[in-house]
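Reader: I am new to this structure and would like to talk it through. Could we begin with the terms and then turn to the details?

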Amino acid sequence: MRRIILASPRGPCAGVRRALEIMERALLTYGKPIYANHEIVHNNHVVDSFRKRGVIFTDHVTDIPENSVYVFSAHGVSPEFRKEAESRKLHIIDATCPLVLKVHREAKKFSETGVKVFFIGHRGHPEVIGTMGVSDMTLIETKKDAEQIHEGEFRTHKVGVITQTTLSVDETHGIMKAMKRKFPHIITPSATDVCYATQNRQNAVKELSRESDLILIIGSESSSNSKRLMETAEREGVRSILIDDGKSIPFDILRGIDTLGITSGASSPEYLVTGIVEELQKKYPDVSIHDLCTVEETMEFSVPKI
């Protein structure tokens, strides 16, 4: 291997940084145990670290003793789930990403104005579960799903569409086009629901693909945005591999690779990237390290009072 190219931007987005800061402050203020809805963010190392410090992750509110501190994950929860948690007399701290809350508000507004809502997302993802609990809506996972909609069923309805924040920009565009063919007057949000960080990281992977023989995506299997980075690289014609950390480096696959691209999902801390680069340098001591920056990110979200 002759060189390594590190994509930028990569790693934690503003929503993830905010959620992690909230959890840190909760531990500092209240001590353990702290309870959390689902994994605070989708990264195995981050979640394991918090578990060791006394955070208990559970989706079942009934498992939590009354008056406990309960943190909602960055993915958000449904109004029904929120009410259930409040009825348990829990001290709730909301770490939902503000961009996810934006989609919740769009869904609620559509519902209140009589708009039939289609939601583009991946079934079973916690963000999707939370958002679909806001109002009655129909899930669209693929372009094929959109093409199979029977327009006649919605002839008497105004129709709108919202999306999960961590989708593939290219795939979402294709589904949106199919939806607009079905419903020429479909109502869409004033700004895309796919978050700025998701878009930026996918755009960086496109640029990285032009110079790389193989791309390592640093992220956990549970991370939707990390998987979308893999798909982006594959669509650009470059093989990509998802790995958790330096112990997962596929050295056998790296044989014969001249240029290796590296990026990380929005839930992956930078120390994982640093560790992987250090392991690669041990194996390839003469490798050169280069940065590929496509855009500077300045977005920050305020942290609520804990």
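Author: Let us begin with burial: a residue is buried under 20% relative accessible area, exposed over 50% and partly exposed in between, with a 1.4 Å probe and protein chains only. This is a predicted model, in which local features need pLDDT of at least 70, side-chain atom pairs count only at pLDDT 80 or more, and totals for chains, interfaces and linings use all residues. Residues are numbered from 1 along each chain as its sequence is written, and side-chain values use heavy atoms, with hydrogens and water left out.

Reader: Which residues of α8 are buried?

Author: They are Tyr196, Ala197, Thr198, Asn200, Arg201, Gln202, Ala204, Val205, Lys206, Leu208 and Ser209. Helices here are DSSP runs of H or I with at least four residues, strands are runs of E with at least two, and both are numbered from the N terminus.

Reader: Why is α8 described as largely enclosed?

Author: Eleven of its 14 residues are buried, so the rest of the structure largely encloses α8.

Reader: What about cavities: how many of 30 Å³ or more are there?

Author: There are two cavities of 30 Å³ or more. On a 1 Å grid over the protein atoms alone, a cavity is a set of points where a 1.4 Å probe fits but cannot get out, and its lining residues have an atom within 4 Å of a point. Points are joined across faces, edges and corners, and a volume is the space filled by probe spheres set on them.

Reader: What is the volume of the largest cavity, and which residues lie nearest its centre?

Author: Its volume is about 250 Å³. The lining has 21 residues, with Val16, His75, Thr165, Thr166 and Asn225 nearest the centre. Helices α1 (14–30), α4 (98–112) and α9 (224–235) each give two or more residues to this lining.

Reader: And which residues line the second largest cavity?

Author: That cavity, of about 40 Å³, is lined by Ile120, His122, Glu141, Leu167, Ser168, Glu171, Thr172 and Ile175. Helix α7 (residues 169–182) gives the largest share of the lining, three residues.

Reader: Changing topic, how many disulfides are there?

Author: The count is zero, where a disulfide is a pair of cysteine sulfur atoms within 2.5 Å.

Reader: Is Cys97 buried or exposed?

Author: Cys97 is buried, with a relative accessible area of 12%, whereas Cys293 is partly exposed at 41%.

Methods. On a 1 Å grid over the protein atoms alone, a cavity is a set of points where a 1.4 Å probe fits but cannot get out, and a pocket is an open set with protein on both sides within 12 Å along at least five of seven lines; lining residues have an atom within 4 Å of a point.
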